[in-house]
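Subject: The model you asked about

Hello,

Here is the structure for you to open alongside this note. Below it I go through what turned up.

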Amino acid sequence: MNINMALTNLPFCSPPHLHRCTSLTLTRSTTKPTLSVTNCLSLEEPFTASISKLSVGQDLPPNYGDWLPKPDLDNRRRAGILLHPTSFRGPYGIGDLGQEAFRFIDWLHQSGCSLWQVLPLVPPGRKANEEGSPYSGQDANCGNTLLISLEDLVKDGLLENNELPEPIHAERVNFSLVADLKDPLITKAAERLISSEGELKTQLESFRRDPNISSWLEDAAYFAAIDDSLNTISWYNWPEPLRNRHLAALEEIYQQKRHFVRS
């Protein structure tokens, strides 16, 4: 087997082994590998001392591989696919992060792919003309609850099988229809989780106490509650007391949307 490595002026020919090489050829016969070097300049230790003792056709020592540049695994070429989870097959008019997502990950691994690129996973735009766009998201920190698998909520004991809706078959996602179908069930599951005891509740409380989460969680809940109450395109169209976070205005929203904020 012949392996030709053209190393002319490449960055990885820098010290400690080579400053500059024109060609380095490794040849493996049926017995032992040999080395031929053409026009190698400015060789440094330990490469110089080792290679100066060799001639063309001479057997290489067992550690000859240590002389060669080591590949940088962080900069290796990789392959992947751009696929947003909403594009998976789903029983309720939209793809989610349930069984199909795990099947896709398995397929990526089997195909030799190591990257999965998605669009923003934030709550999608639900106002007029936004049509569920992940680029019209309500909040940069929160996730899209429509991507929660209802079947996984059944496995977690937060929903019952008989509470699942009839399947919807659609070529395109109708976000209004999907939201009307899934939002009440996800809210019901959230309420059961909050009032439950056990490992899932422990994980929820740990999540809420995490400083990286608690620093934005309450503000995100208020923002979503206000946005749900007002028919405006952007927050700067809110009434001035809400826009500038007057305590009395926030308290009024909390009283009106307490259930929404707490869940």
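A term to have at hand first: a residue is called buried when its relative accessible area is under 20%, exposed when that area is over 50%, and partly exposed in between, using a 1.4 Å probe and protein chains only. This is a predicted model, in which local features need a pLDDT of at least 70 and side-chain atom pairs count only at pLDDT 80 or more, while totals for chains, interfaces and linings use all residues. Residues are numbered from 1 along each chain as its sequence is written, and side-chain values use heavy atoms, with hydrogens and water left out.

Confidence comes next. pLDDT is the predictor's confidence in each residue, from 0 to 100. The chain averages 80, and 79% of the residues score at least 70. Confidence is lowest in strand 1 (residues 2–5), with a mean of 36, and highest in helix 3 (residues 150–155), at 96. Please note residues 1–44, where pLDDT stays under 50. For that stretch the model has 87 contacts beyond four places in sequence, a contact being heavy atoms within 4.5 Å.

Now the overall layout. Helices (H or I, at least four residues) and strands (E, at least two) are DSSP runs, numbered from the N terminus. The chain has nine helices and five strands, in the order β-β-β-α-β-α-β-α-α-α-α-α-α-α along the sequence. Of its 263 residues, 32% count as buried. Among contacts between residues at least 6 apart in sequence, 53% join residues at least 24 apart.

Helix 8 (residues 247–256) deserves a look. Its buried residues are Ala249, Leu250, Ile253 and Tyr254. Seen down the helix axis, they fall within an arc of 140°, so they line one face of helix 8; the arc is that of the directions from the helix axis to the C-beta atoms. What covers them includes helix 6, helix 7 and helix 9 (258–262). The face turned away from the buried side carries the exposed residues Leu247, Ala248 and Gln256. In the loop between helix 7 (240–243) and helix 8 sits Arg245, whose phi is near 60°, a positive value in a residue other than glycine.

On to the aromatic rings. Rings of Phe, Tyr and Trp (its six-membered ring) pair if their centres lie within 6.5 Å; planes under 30 degrees apart count as stacked, over 60 as edge-to-face and the rest as tilted. The whole structure holds seven aromatic pairs. One of them, Tyr222 with Tyr254, is tilted, at 6.3 Å centre to centre and 35° between the planes. This pair links distant parts of the chain, with Tyr222 in helix 6 (residues 211–229) and Tyr254 in helix 8, 32 residues apart. Both Tyr222 and Tyr254 are buried. Trp235 and Tyr236 have ring centres 6.1 Å apart and planes at 75°, so that pair is edge-to-face. Here Trp235 is partly exposed, at a relative accessible area of 44%, and Tyr236 is exposed, at 55%. Ring pairs also link Phe88, Phe104, Trp107 and Trp116 into a cluster.

Finally, how many disulfides does the search find? Zero in the whole structure, taking a disulfide as a pair of cysteine sulfur atoms within 2.5 Å. Cys113 is buried, with a relative accessible area of 18%, whereas Cys142 is partly exposed, with 23%.

Best wishes
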